[in-house]
Amino acid sequence: MKLNTKVNILSTLLTLIILISSYTGIYFLFKNLAYDTEYAQLQNRADELVAAVSILESVENIDSLLQAYIPPNGSLRVVNEQDKPLFYMHTLASPERIPYTIEKNTHFTVSLWNQTPVMAMAYPLIWPDHTVVTVELVQPLHDIAKNMELLKWILILMTLAAMVPIYLASVVLVRIIVRPIQSLTTTMQKNIETSRYEQITLQNHNRDEIAEMTQTYNKFMQQVETNYTKQQQFIGNASHELKTPLTVIESYAKLLERRGFSNEAVNKEALAAILKETSNMKQLMEQMLQLAKASEQPKVEWATVDIQSLLTDISQSMKQAYGTDIIISGENITVASDEAKLKQLLFIFLDNARKYSEKTIDVHIVSGDLVKICVTDYGVGIPEEDIPHLFDRFYRVDKARNRKTGGTGLGLAIAKQLADLLKIDMAFTSKVGVGTTVTLSFTKRGTSDEK
């Protein structure tokens, strides 16, 4: 069963139940009010009868007096303390005896006679001989029965008449609600069939839940399209980057096959080139995996980190591995950060500085409202037009020099993701032929206070 059918049936049934409950309450309320009105009239008649009998000195001709107080179309009966009838009389409109019951401890009793409600009440009376008797007044409620029957049919017809506009309103309301859902489903189905990322056009600027759902879907499709484009670009770039070392390896392997067994120099050259390109491929694959893991938003382990001690460890490792001199200056500062990720971030920039500068690398630490770590190399520098693209995957300022130094074009992309995780801002200042300075800025507390 479709959603619009379910909503139509449910809303119509719910409205029908509400109307029936309301009209039933109205029916019985009106019925009780009508009974109370009739009871008040009978009680007034009884009070007048008591007043008239109280001035009598004998029961002579009392039947004429009682005749005047018989309820319309009803009857009157007087019984003594032994419940023995003393008088019974009824109007000419009711030739037959009207059956009735009187319950104790109630003001009045209503029973049915020929499908007509009959109201009966008992009232104490001081008889002229000073004995206590009971007068019973009986009133058939013909008018009330007719009015209640008429009211019942009026309420039934009103319920049936109300269901038509209610159902039509339900249909209109359901269309308003379901139409965006149908549009969403159609658009999604079309996107699946055509491998597109079509969005839904908002017809108005409402801020209701339907508009929020549409906006959320559009943002989702935009993000999916962006991620897919990045994925395709990444696959294309990765394929291109892997193709170069594989081509080199294949060429030297063929050279070995042709001349390697007879020429030792060719053998050594080919093996050295194959080892180098294999190392480049290994580095590229590791960085690609690292980028994929970084995209999963890993958890940041906040802790207290000694910046100078961390930089010293990195510089000593690079000194032993590459013979690069790194001079660290500035204040000794402790901050809240993820030590492993911060170390990896600093290593990327120091390693880049090492690759593109044969001179000493300077690292300066500045403390203030923000902690700043400035990494300066004195190498080839970066043209100003290339700085906005430094964090793009596989982007190289000088492809020939990158190939020579073993760069993959992924290091700064990894650095950008690490910096975003650690809430670190990065800025580049560079001059071609003079050198480059990278400034990392962040607060001492990081975001550890938000854990």
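How many bridges join strand β1 to strand β2, and do the two strands run parallel or antiparallel? Five bridges join β1, residues 75-79, to β2, residues 85-90, and the two strands run antiparallel. This is a predicted model, and the points below take up its strands, its helices, its backbone angles and its salt bridges in turn.

**The hairpin of β1 and β2**
- Within this pairing, Val78 stands opposite Phe87 of β2.
- Five residues lie between the strands of the hairpin, and Asp83 takes a positive phi there, near 60 degrees.

**The five-stranded sheet**
- An open sheet of mixed pairing is formed by five strands, which follow one another in the order β7-β9-β10-β12-β11.
- Because β7 (326-330) and β11 (425-431) stand at the edges and have a single partner strand each, one side of each is left without a neighbour in the sheet.
- On average, and with direction ignored, neighbouring strands of this sheet are turned by 15 degrees against each other.
- Strand β10, residues 371-377, is joined by seven bridges to strand β12, residues 435-442, in an antiparallel arrangement, and Lys372 has Ser441 in β12 as its bridge partner.
- Helix α7, which spans residues 339-355, lies across β7, β9 (361-366), β10, β11 and β12, and runs at about 20 degrees to β10.

**Helix α9 and the residue that follows**
- Helix α9 (residues 411-421) is mostly covered, since eight of its 11 residues are buried; among them are Leu412, Ile414, Leu418 and Leu421.
- α9 is followed by Lys423, whose phi is positive and near 60 degrees, and this residue lies in the loop between α9 and β11.
- In contrast to the buried residues of α9, Lys423 is exposed, with a relative accessible area of 52%.

- Most residues other than glycine have a negative phi.
- Asn61 is a residue other than glycine with a positive phi, near 60 degrees, and is located in the loop between α1 (3-54) and α2 (62-67).
- With a relative accessibility of 56%, Asn61 counts as exposed.

- Val172, Leu173, Ile176, Ile177 and Ile181 together make a nonpolar surface patch of about 410 Å².
- Of these residues, Ile181 is found in helix α3, residues 142-194, and is partly exposed, with a relative accessible area of 30%.

**Salt bridges**
- The structure holds eight salt bridges, and several of them can be described residue by residue.
- In helix α3, the side chains of Lys152 and Glu149 meet at 3.4 Å, N to O; being three residues apart, the two are separated by about one helical turn.
- Both partners are partly exposed, Lys152 with a relative accessible area of 31% and Glu149 with 37%.
- A salt bridge of 3.6 Å, N to O, links the side chains of Lys254 and Glu250, which both lie in helix α4 (residues 209-260), four residues apart, or about one turn of the helix.
- An α-helix has 3.6 residues a turn, so residues three or four places apart point the same way.
- Lys254 is partly exposed at 43% relative accessible area, and Glu250 is likewise partly exposed, at 44%.
- Asp325 forms a salt bridge with Lys319 in which the closest N and O atoms are 2.4 Å apart; Asp325 counts as partly exposed at 37% relative accessibility, as does Lys319 at 40%.
- Asp351, Arg354 and Lys355 are linked in a network of salt bridges.

Conventions
Residues are numbered from 1 along each chain as its sequence is written. This is a predicted model: local features need pLDDT of at least 70, side-chain atom pairs count only at pLDDT 80 or more; totals for chains, interfaces and linings use all residues. Side-chain values use heavy atoms; hydrogens and water are left out. Two strands pair if DSSP finds at least two bridges between them. Axes are lines fitted to C-alpha atoms, for helices over the stretch in contact, and angles run from 0 to 180 degrees between N-to-C directions. Contact means heavy atoms within 4.5 Å. Patches are made of residues with over 30% relative accessible area and no salt bridge: like charges are joined within 9 Å, nonpolar side chains (Val, Leu, Ile, Met, Phe, Trp, Tyr) within 5 Å. Accessible areas come from the Shrake-Rupley method with a 1.4 Å probe; for residues, only the protein chains shown count as cover. A salt bridge is a side-chain nitrogen of Lys or Arg within 4 Å of a carboxyl oxygen of Asp or Glu. Buried means under 20% relative accessible area, exposed over 50%, partly exposed in between (1.4 Å probe, protein chains only).
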